[in-house]
Every structure is written in structure tokens, then in C-alpha cells.
Amino acid sequence: MRPAWSFSHLTALGVWGLPLPLWAQRHYAPVHVASDRGHGPRRPGVIGHRWGGPSRRSEVLNVTGLRVVDPVTAWMQSAPWLTEEEIVSVADALAGRWSPYADARELPVSALVTAVEHSEPARGTWALRRALPLVRPDVESPKETELRLLLGRAGLPEPEVNVRTYDENDLYLGKPDLRWLLFNTCAEYEGDEHRTDKHRHRSDIARRERFADAGWRMVRVTEDDLHGVASKRLIARFCRLLGV
């Protein structure tokens, strides 16, 4: 890496610990490098970019010894390579606490809106603007985002995200991924770690029983429920529970 170069676009998202599409996580995905002096490097496996970017002030920061564009710039640069759902997932991560780096977490959604509004028109700008109304703070995983957007596209009521929940006697029940308080209904996305981690598995069972005792219906969702015919069954289940 020359002094004028910095990791950018999808590569910068990965360095910041922000969510990437599966194809970009693979070892043969290209590396993105931007240069503030002419074009970036041109060699196999590397996509070089001329540093231009948004008109908002962009920064190059040091992350574990690597020169990397700031996380909001990386998100905006990456938009042409991402689906709307993936753009929202990264923005949810920036507004949440996923990244191990303070510069890439707990950013106000208003700061993301301002960044897009002050950017120059470019590939991906329209996609960013269309995705911004779907961004929510306090989301804790990409699959939570995927589930929330799936249900939202089906016209279901907007859920609250990761809200501490208590019963009528102020006994703490848990913090479900999504909840609909008026319907005493909540949803939990469970990846394989919920099954393979003994302590997490037992904790999940105890939490579900607490919610059930308090009169809540907890819908447990897995990867299979997010696609194809299973997703239609999931949506139909929520339609019944929420009276839609």
C-alpha cells in the first residue's frame, strides 16, 4: 500500500466489521483500494478507484495499522454493489453496536441522512435515499434486519426493535428482536448458535417460557423461514397473530 492509497468500498466495510454479502466475504472477492493521486492500483484481484467520493468531508482512518476510508463513506461507496436489504443492514449496523470500532457504531440515523443529502449524485445515491427510511437503531444482527424487512414488505405493522420487556408485575422477560406490544406478540431470529451453544439454548428455552407465562406469543424464526414457501407461511402466521 502506497501512502496515497486506502482500503475503500466493500473492503473497508469488512475492515470495519460491518455486514457484507456472502459473495464479498469469500477469499476470492476483489480488494477495493482508492487513491487520492490518480487511479488506484491495477492488478489481478484488486479494483482501483480514483479518490473522489462524496462532497461531504471524508476521512481516512487507521484501523489496526490499515489505512481505511471512514465507515460512512465506505457504506456510501458500496451502495452500487449492494441490494436495498444489504444497504439497510449496513446502515442498521452503523446505527447499532455491531462493529468492534467506536467510529463505526452507534451513529445517529440523522447523521447517515445528512451524509447522503450532502453527497454528490453518483451510482448508488438513489438506492441509499430509498433505503434510509427503512433504517432503525438498536438492531443487533443482519438477520433481524432481513426478518423486519420481509414482514414490512408484506404490509405488517411496524415492530419495536430490541426493547426490554416486562410483565404486569414488572418482572423482566427479555429483549425480543421484534415486538408488537398491542398484540403481545414478538419474534426471535435464531441462528445455529442458538442450537449448538448449550447455555444459549437453555437460556432461550427459559426466556420463551417466561414470555408464554406472561401471555405473549413468541415466534421463533430460522434461516429457512426467510425464503420461498416457508416465508409465505411465516407471513401468514404473523397476519393471523396481528389481525391483519
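A nonpolar core is a set of buried Ala, Val, Leu, Ile, Met, Phe, Trp, Tyr and Cys residues joined through side-chain atoms within 4.5 Å, where buried means under 20% relative accessible area and exposed over 50%, with partly exposed in between (1.4 Å probe, protein chains only).

I note that this is a predicted model, in which local features need pLDDT of at least 70 and side-chain atom pairs count only at pLDDT 80 or more, while totals for chains, interfaces and linings use all residues. Residues are numbered from 1 along each chain as its sequence is written, and side-chain values use heavy atoms, with hydrogens and water left out.

Core. I looked up the largest nonpolar core, which has 56 residues; Leu13, Trp75, Ile87, Leu94, Leu147, Leu151 and Phe238 touch the most other members. Helix 4 (residues 84-95) gives the most to this core, 6 residues; helices (H or I, at least four residues) and strands (E, at least two) are DSSP runs, numbered from the N terminus. A second, separate core has 5 residues, among them Leu173 and Trp216.

Helix 10. I checked residues 228-242: the 15 residues of helix 10 reach 22 Å from first C-alpha to last, close to the expected 21 Å (1.5 Å times one less than the number of residues). Its buried residues are Ala230, Ser231, Leu234, Ile235, Phe238, Cys239 and Leu242. Their cover, by contact (heavy atoms within 4.5 Å), includes helix 7 and strand 10 (185-189). Glycine 243 follows helix 10, with a positive phi near 65 degrees.

Arginine 153. I found this residue in helix 7 (residues 142-153). Is arginine 153 buried or exposed? Arginine 153 is exposed, at 57% relative accessible area.
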